[in-house]
Amino acid sequence: MAAHEIDYQIFGEEMQYVEIELDPQEGVIAESGNFMMMDDGIKMETIFGDGSEKNKGFLGSILGAGKRILTGESLFMTAFYNNLSGKRKVSFASPYPGKILAVDLTEYKGKFICQKDAFLCAAKGVSIGIEFSKRLGRGLFGGEGFIMQKLEGDGMAFVHAGGTMAKKVLQAGETLRVDTGCIVGFTQDVDYDVEFVGGIKNTIFGGEGLFFAKLRGPGVVYVQSLPFSRLAGRVLAAAPKGGGKDKGEGSILGGLGDLLDGDNRF
């Protein structure tokens, strides 16, 4: 195998983490900030790009790192190696409530396409690149789903989905319409485009955006119920405004209601 063959176990329910077991000289790569804990004897190294054989050499590493700028990620990734004898473990945590999806790339013809911020970690040797849109509509109106990441190789990769995750198996010609931010990832045979919602009332008053993603089978699609942008939007909307005043969870009683329901901040 080009990628290292790793063992893993996923723990937790709403706030999951994945524990990866490394044999001697095996390694795993991860986005900066996803690290949780590791056993003694594991070496951590910051690298350009993903460190895969595809980006071998200085120029290849620079190009691989440069592509990551387009997805809003850091130029650098972190690699973890087991340099001692015996098995060692390293763990990576979900960034917010949701589920971790283990993707065996050998089951998907060596390629899986995912949302740009969904990637968590992968076996050393897996290539993390970007998937360019070949369609004008998707490029102009794709929103959160405009630039996707592609995971290529023959190893294990792990992606994160917010909230609850749904798996949809599409038959040839079968279509699924999804909010662009709710896409976690899909197999390479799935045809992906952006479609206008349509209708004056839907456009002006619908509140669901002007476009949604249209995915056509055959293939497998993973959908998340709580994309991070939606979670962040709700948190910002509920945040105190104007000198620290909140929105008054005490309903029509206002501040008095806060006293009654236990929110006794002054």
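A residue is called buried under 20% relative accessible area, exposed over 50%, and partly exposed in between (1.4 Å probe, protein chains only). The model is predicted; local features need pLDDT of at least 70, side-chain atom pairs count only at pLDDT 80 or more, and totals for chains, interfaces and linings use all residues. Residues are numbered from 1 along each chain as its sequence is written, and side-chain values use heavy atoms, with hydrogens and water left out.

Gln25 is not a glycine, yet its phi is positive, about 75°. Gln25 sits in the loop between β2 (17-22) and β3 (27-30); strands are DSSP runs (E, at least two residues), numbered from the N terminus. With 54% relative accessibility, Gln25 is exposed. Lys109, also not a glycine, has a positive phi near 60°. The loop between β8 (98-104) and β9 (111-115) holds Lys109. Its relative accessible area is 65%, so Lys109 is exposed.

An open sheet is built from 6 strands in the order β11-β12-β9-β16-β19-β14, with antiparallel pairing. Two strands pair if DSSP finds at least two bridges between them. β11 (127-131) and β14 (165-170) are the edge strands; each has a single partner strand, so one side of each lacks a neighbour in the sheet. On average, neighbouring strands of this sheet are turned by 20° against each other, direction ignored; the axes are lines fitted to C-alpha atoms, and angles run from 0 to 180 degrees between N-to-C directions.

β14 pairs with β19 (residues 219-224) in the antiparallel sense over 6 bridges. Val169 has Val220 in β19 as its bridge partner. Pro218 lies in the loop between β18 (211-216) and β19. The peptide bond from Gly217 to Pro218 is cis, with omega near 15°.

Notes. Helices (H or I, at least four residues) and strands (E, at least two) are DSSP runs, numbered from the N terminus.
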